[in-house]
2 protein chains.
Amino acid sequence: MSNTRFAVAVHVLTVISLDETRPISSQLIASSVGTNAALIRRLLISLNDAKITSSERGASGGVRLARPASSITLFDVWRAVDEEGQLFRVHPTSNPQCPVGRNIEGLLGGVLSSTQCMVEAVLGKVTIRDLVAKVEIAG
Amino acid sequence: MSNTRFAVAVHVLTVISLDETRPISSQLIASSVGTNAALIRRLLISLNDAKITSSERGASGGVRLARPASSITLFDVWRAVDEEGQLFRVHPTSNPQCPVGRNIEGLLGGVLSSTQCMVEAVLGKVTIRDLVAKVEIAG
DNA sequence: TAATAAGTAATCATAATGGTTACAAATACA
DNA sequence: TGTATTTGTAACCATTATGATTACTTATTA
């Protein structure tokens, strides 16, 4: 990971959740995130596809949560917006003539999938609702 | 993380560990990793600095482990070669006028440092010796 | 002295990332 | 029906990250 899509997506969802009475425009979200609306709309494509949000076109349109904030975990969000969803990358250039080069992927595979699972478990325990609650307290 | 420095470093250390009787040249390592020697030498700067390896110049020089393979964890390696050492990045553009923008870093901070700890714990449990043993079995 | 190997600077190509503009299509509402 | 609003989306740009490569200096061995 070295992009901020996950953090931005969480930000977006938190903003949306603060007022569930109406759809929120990408422009409003963008001004909270500190970027521009087109970028937010691009990110929303992933969230819409994952059925986490749903967008409405036209005047008084915008985006809403597609399901309760309490049912959306950070893991859901991560999976939705991060195509790779991989914490670590292994170089694809290893020399198969060498016993290490031939096995490096398998050697690291176990550890890396363990870390992957741990992270998914942690992210799976926190929901957007939890974050919204903190914002409401912090103000 | 989206670079392969960690995986390459583990690869390098495993190669070195397979023959501890002599220093291994960056050229030999490079041919196993599938890259060139200068890049390996650059990576070795970090491992040398962390006292994980030590290099010897000149004819019949090369690089050796600076301490037993059984004492080098993957966490040590990660910390040595990955400056950031951060799994997730948060966008730095948030609007402080917005309650979400103002708090997003704190909101995510807790979760992200949890995942960070989990990962460090998992990586801390596997040593280079463990990986070498697997190579010796797998061949 | 010749050969070898690390240290390191400089440069390049490619890809990833994020920012920006622009416009068509859809929708609400006067 | 017409106008304003908003998403969907393409196109493009700038910057940075990443990895590859060359080349040279310094150190060391034999």
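Tutor: Helices and strands are DSSP runs, numbered from the N terminus. Please keep in mind that this is a predicted model.

Student: Which helix gives the most to the surface near DNA strand C?

Tutor: That helix is α3(B), with seven residues. At least two residues each come from α3 of chain A and from α2, α3 (37-49) and β2 (62-65) of chain B. In total, 32 residues surround DNA strand C, and the closest are Asn3(A), Thr4(A), Ala38(A), Gly58(A) and Ser55(B).

Student: How many residues of this surface are nonpolar, polar and charged?

Tutor: Nine are nonpolar, 18 are polar and five are charged.

Student: How should I read the contact between the two protein chains?

Tutor: The size of an interface is often given as the accessible area lost when the parts come together.

Student: Why is helix α4 of chain A described as largely enclosed by the rest of the structure?

Tutor: A residue is buried if 20 or more other C-beta atoms lie within 10 Å of its own. Helix α4 (residues 74-81) of chain A is largely enclosed because six of its eight residues are buried. These are Leu74(A), Asp76(A), Val77(A), Trp78(A), Ala80(A) and Val81(A).

Student: What do the buried residues of α4(A) pack against?

Tutor: They pack against α1 (5-18), α3 (37-49) and α5 (99-124) of chain A, together with α5 of chain B.

Technical notes: Residues are numbered from 1 along each chain as its sequence is written. Chains are lettered from A and ligands numbered from 1 in the order in which they are written. This is a predicted model: local features need pLDDT of at least 70, side-chain atom pairs count only at pLDDT 80 or more; totals for chains, interfaces and linings use all residues. A residue is buried if 20 or more other C-beta atoms lie within 10 Å of its own, exposed if 12 or fewer, and partly exposed in between; C-beta atoms are placed from the backbone. Helices (H or I, at least four residues) and strands (E, at least two) are DSSP runs, numbered from the N terminus. Two residues are in contact if their C-beta atoms, placed from the backbone, lie within 7 Å. A residue is near a molecule or strand if its C-beta atom, placed from the backbone, lies within 6 Å of it. Ala, Val, Leu, Ile, Met, Phe, Trp, Tyr, Cys and Pro count as nonpolar, Asp, Glu, Lys and Arg as charged, and the others, Gly among them, as polar.
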